[in-house]
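Visitor: I'm new to reading structures, so please pick one chain and take me through it slowly. I'd like to know how it is built and what it touches.

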Amino acid sequence: MTSETPAPPLLELRGVNKSFGPVHVLRDVDFTVRAGEVTALVGDNGAGKSTLVKCISGIYTTDTGEFYMDGERAHIHGPRDAAHHGIEIVYQDLALCDNLDIVQNMFLGRERKSGLILDEPSMEQLAAKTLAGLSVRTVSSVRQLVSSLSGGQRQTVAIAKAVLWNSRLVILDEPTAALGVAQTAQVLELVRRLADNGLAVVLISHNMNEVFAVSDRIATLYLGRMAAQVKTTDVTHAQVVELITAGRTGTLGLQPEEAL
Amino acid sequence: MSTVSTTTPVAAEEAARGENAFLAYTRNYGRKLRGGDLGALPAVAGLVVLCLVFAVARPSFATPINIANLFTQGAPVMVIAMGLVFVLLLGEIDLSAGFTSGVCAAVLAILLTNEGWPWYGAVAVSIATGTAIGLLLGFLVAKVGIPSFVVTLAAFLAFQGVVLKLLKEGTNISIRDNQTVIIALENEYMTPLLGWAFVGIVVVAFAAVQIVSKLKRTGRRLTSDPWQIIGVRIAGLAVVLSVFAAILNQERSRNPAIFGSLKGIPIIVPIIAVLLVVWTLVLKRTRFGRHVYAVGGNTEAARRAGIAVDRIRISAFVICSSMAAVGGIIAASNGRSVDPNTGGSNVLLYAVGAAVIGGTSLFGGRGRVLDAVLGGAVVAVINNGMGLMGFDAWVKFVVTGSVLLLAASVDALSRRRSSVS
């Protein structure tokens, strides 16, 4: 999947720092995300994955650091800015309303109207088209209530919701954490398809098999630092595990004095 | 009934193959029922059974005059329940709705009778009072973060005192007969011709909405309900409304020569109909309504979707208290007076009961404005029928309480059922 001449990065973070009071959570983090690729973001608990993602999505503001979209300086001060740049997040705990159907969930907060009245037919059409575009066949009717869906189907809807908005970068926070084997396979297939459709995908995961199955690049956070960002084909399982647990492996990763 | 299709792939395929779409629809409906989504079924079934039981036990129950009474007696509770649906949809509760209606009714009576205001001024101030109360309650719940149960329980007590103060420690302010507009709300009737015209307009409008939306959806190749179902719905509505119109257009006066003629559909019926249609539109067809459901279903998801959750909460309380004010005005018209008990005693429990019996969930996220009307009808029938049967007051209380509990159990069990799948 990786091309030898990589496209210019869709999103580039340079020297991002973030502290909560005395706790320095992110230290000079550089992070690059390319269109058409799945970038896996891995790291131990507390390494700063969630914080980094929340900075990208505008939920947290960074203390220092620069954002570039398509090589141009971008400013993200809130979720709306992120949405404006085409950045969408699929949360781990699925931000879906059980009592609404698939269409209603996909358009939640951004409903289409004709006059004062909701434009249901056009929303339903677009939702169905989006799901079809992602080759989703597991969902039978877009007017099903979300409460009647399985975990994998819900995750599918959550991802489709993120794709609906002409998004360019989709961030998935452990999308398979709560799923069974078959459903995990479905969701991973969908993740791969997003990237193949030209989107940039950031996948947060703890599961190395998953990471090696779908990702093009792996970015490893270690205690708030970016230990390494490498092509998936260039590293082995063991090396990534070492990066996660020790911050370095051989010549890769943080230098010993840095790591301490 | 919303026009939203819930056709499953199986049903869709059958329809595509030109097989019996009607059967597919009914099968799908059965599937929905088994899934715990009972909709209006319990309320409608309960209503039919209760009416049959009372009609057999007490022939006077099914007389035109009593049926007219049912509508006027049930109206205040129905209107208050309509507002409560919005609060219940959020998973909140408003225990003060009853006495809010009492306060607003007292304001109305004072302005009309003591101050001699014109009806429109008094009604406007009365509803504005309700709106202000809703703003206060909503602010305390949404911004200060006090549980709605506590806020409205406190308001329940306080408003009881406010009513006493307004009515000078328990005097009764009557609405004079020259206040024709207010009195007419609950005591006047449409002429038979106007009544039939009303029925005609409602049926034609309903049919038009159903057919236009069906055509729009088929035009976009979206699944839609089969024509047979739409036909059944329209015909069903036409039959039910016609039967009621025919009954209510009969002469109800015992001696028209002496007491004057008494026939026609009560004025309150079209008022309830308009409120029902307006609030249903707001809830089902506007962005605001969609957001109310979203906040009730998953507050966190709603917040992440960029919905101003606090504003939705406050709005729901404003709607609830404002509708309580309207209910108070109707109650004042019904009793032709306001006393410290207006909106008190069991009004609130009847209203909450009405919404829940109709199918609105106490857990939030599920409910319709129609529930308030159906449930309100059940409550009114129980109240009225048991009165006719000559039961003591205590039996009425116990039975109504039991029905409320039964409805809440159905709600809780169907919720558990739908979360299992």
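Guide: Let's start with a word we'll need a lot: two residues are in contact if their C-beta atoms, placed from the backbone, lie within 7 Å. This is a predicted model, where local features need pLDDT of at least 70 and side-chain atom pairs count only at pLDDT 80 or more, while totals for chains, interfaces and linings use all residues. Residues are numbered from 1 along each chain as its sequence is written, and chains are lettered from A and ligands numbered from 1 in the order in which they are written.

Our pick is chain B. Among its contacts between residues at least 6 apart in sequence, 76% join residues at least 24 apart. It has 18 helices and two strands (DSSP runs: H or I, at least four residues, for helices; E, at least two, for strands). Its radius of gyration, taken over C-alpha atoms, is 22 Å, close to the 22 Å that the globule rule (2.2 Å times the number of residues to the power 0.38) gives for 421 residues, so chain B is as compact as a globular protein of that length. Picture its C-alpha atoms in a box of roughly 70 × 60 × 40 Å, taken along the principal axes.

Now look inside. Of chain B's 421 residues, 44% count as buried, meaning that 20 or more other C-beta atoms lie within 10 Å of a residue's own, again placed from the backbone. Zoom in on A81(B): leaving aside its neighbours within four places in sequence, it is in contact with A351(B), A354(B), A355(B), A372(B), G375(B) and G376(B).

Finally, the partner. On chain B, 32 residues are in contact with 22 residues of chain A. On chain A's side, β8 (117-118) and α4 (120-133) each supply at least two of the touching residues, and α4(A) gives the most, with three. That side of chain A divides into nine nonpolar, eight polar and five charged residues; here Ala, Val, Leu, Ile, Met, Phe, Trp, Tyr, Cys and Pro count as nonpolar, Asp, Glu, Lys and Arg as charged, and the others, Gly among them, as polar.

Definitions and conventions
A residue is buried if 20 or more other C-beta atoms lie within 10 Å of its own, exposed if 12 or fewer, and partly exposed in between; C-beta atoms are placed from the backbone.
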